[in-house]
Amino acid sequence: MRSLGGESEAPALEPNPDSHTPQIGDVLDGRYQITGVLGSGGMGCVYLAVHVSIQRACALKLLHPEVGEVDEVIKRFEREAFAIGRMDHPNCVKVSDFGKLDDGTLYMVLELLDGILLFDLLERERPLDWRRTLHIGRHILSALEYAHDSGIVHRDIKPENVILVEQDGDRDFAKIVDFGIAKLMDDEPSPEDDALMLVNDAKLTQAGVTIGTPTYIAPEQAYGLAIDGRADLYALSVMLYEMIAGEPPFDADEIGALLRMHVSAKVLPFAEVSPFVEVPKVVESLIFKGLEKKVEDRIPSAKTYIAAIDAILEADAEAEEKSAVRTTNELEGIPNDAIVPRPPEGSGPHDFPLDDMTSVRQLLPSWAPEVPEEPRQRKKRNLIGGLVVLVVLVVGALGFLLFDSGPTEQAKPYAAMSLGHDQARKDLSVPALIAYEEAVSLDPTLAKNKRMRANVERMLSKEAAPEVAETAIDFLGTLVSAAQDEKAKTQLIDLASASKDLAKRQKALAVANEVGLGERVDLLASYTLDLQQGKTCDDRKVAVAELRALGDKRAIPALRKARSRPRGGLGRKRVNTNACLRGAANEAVRHLQSI
């Protein structure tokens, strides 16, 4: 056994001469034929297999022969099989068989999952929208609620142990895997066993076995105290924070420093860690409650956590619906107070005050924030009446009746606007934008057409296809150049400065430069995001050059951070994905310091 104070000598391992590495085509235990390899780790290998009798594909997990005779490894493997065997829940991987081969190798048969590890998703897409984060978190909490009720603490909740599959139309259906270090609550209490969980990220291993992950470990585990399900809730909260902010709340290059941070360091607000991330205060409060240092101050159960998430998401959905109605009424000229209550003074037309979230406040009475959130612009698809369309169609029809050649010159812009509305109604966004551009080019006063603006807002939303969003950004440029539209100027500058979508931001910057707005773009913010989000090291190297050229010393922290771009903190494979720009970043830092 290892202790927190240092390493004991690992037992000598002798290969089992009677064992062999399974090959493609081998049939193990007379039932499972190996058809491929899914992955390998320090403890074992996972093979793609098929049950020869029922021809069902499965994942076959085998211990490496050299570790299969170590008592601690065997106990961990058996514990995983037993723990998963007790779990019959859709958000947990299922085990269908467990046994020992003739050479003594232990194996486990798991359901085959076709999906993506949350860790890989975060490597590709971090940060995630808070709504998507809570949706994924709810899945994980559902599994944890079942596990805790079954007397099991997972003890290693982290992105590598969550896989997202598509199920029932949900692309983010989360399943927990790897119960290898699960703690059974009906076991004898063992603080020493809980303390042993800390050694993973320091690479203190016993025969290649890694136990626990300090990046996500609860303070009571860092103290070496006995734990319960609230340790899993802490780990989940760390993960939710990381998903939204793009990085975990605590990270350090040395395991002791990281553990001390879990025990005593303050969790920084999202606004300080990721200033461009939009997070409602009530969501931040919920996650911070899950990150409380003292167990008794933390969210008490997965069930309570789920109820809070449901209340937040339901309140947000209701607010979306109210906002859509308000916007529709404004476009149709109907007083809002005739249909729905007006929002309080100081709240935006597309936001909701916290007082509307009664269920959330009841669930979280002592720590929900007391002030309304800052307004945030939400892009809506507005449902509006056909009065303007009818007028335009009448004008166009009169033109065709009076002149065989088609609409009059005066009627042409209105006919184009009508065509744009019709195409937008059919979800033909690009043709709609082309028609709108024609209308505004012919008559710049039509730039203020409310229905057109509502449709363009929708085409700039997160849900829009990339080609639609790019065409909509081009159209904003048309509104600026043809009509000097102030709202379009603001949208273009905001997109170019701070859009979280790399393609949108770069497209908006190009268009802003074309229409003479480049000097009003926050280039420091834009290039810093390019440095963080560039798809390749060479892309990010371009951002380094741009930041250097700005001559703004505020870029130095981002450049320093970019010199090494590992992902995930301690205990993971720390690959520098920014190696190609290290020299350029160092030179840029020196240049800016000399200014």
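Analyst: What follows is a set of questions and answers on a predicted model.

User: Why is the packing of α17 and α19 called oblique?

Analyst: Helix α17 (residues 486-498) and helix α19 (residues 523-533) pack at an angle of about 45 degrees, and their axes lie 6 Å apart. Angles under 35 degrees count as roughly parallel and 65 to 115 as roughly perpendicular, so α17 is oblique to α19. On the α17 side the contact is made by A496, S497 and A498, which meet A525, S526 and L529 of α19.

User: What makes strand β3 count as largely enclosed?

Analyst: Buried means under 20% relative accessible area, and six of the eight residues of β3 (residues 44-51) are buried, so the strand is largely enclosed by the rest of the structure. β3 runs antiparallel to strand β4 (residues 57-63), to which seven bridges join it; among the paired residues, A49 has C58 of β4 as its bridge partner.

User: Why is Q55 called exposed?

Analyst: Exposed means over 50% relative accessible area, and Q55 has a relative accessibility of 56%, so it counts as exposed. Q55 belongs to the loop between β3 and β4, a hairpin with five residues between the strands, and has a positive phi of about 55 degrees although it is not a glycine.

User: How do you know that the span of helix α6 agrees with its number of residues?

Analyst: At 1.5 Å a residue, the 17 residues of α6 (residues 229-245) should span 24 Å, and the end C-alpha atoms are 25 Å apart, which agrees. As to burial, 16 of the 17 residues of α6 are buried, so this helix is largely enclosed by the rest of the structure. The residue that follows α6 is G246, with a positive phi near 95 degrees.

User: Where is P127 found, and what kind of peptide bond joins R126 and P127?

Analyst: P127 is found in the loop between α2 (118-125) and α3 (130-149), and the bond joining R126 to P127 is cis, with omega about -5 degrees.

Technical notes:
Residues are numbered from 1 along each chain as its sequence is written. This is a predicted model: local features need pLDDT of at least 70, side-chain atom pairs count only at pLDDT 80 or more; totals for chains, interfaces and linings use all residues. Side-chain values use heavy atoms; hydrogens and water are left out. Axes are lines fitted to C-alpha atoms, for helices over the stretch in contact, and angles run from 0 to 180 degrees between N-to-C directions. Helices (H or I, at least four residues) and strands (E, at least two) are DSSP runs, numbered from the N terminus. Angles under 35 degrees count as roughly parallel, over 145 as roughly antiparallel, 65 to 115 as roughly perpendicular and the rest as oblique. Contact means heavy atoms within 4.5 Å. Buried means under 20% relative accessible area, exposed over 50%, partly exposed in between (1.4 Å probe, protein chains only). Two strands pair if DSSP finds at least two bridges between them. The expected span of a helix is 1.5 Å times one less than its number of residues.
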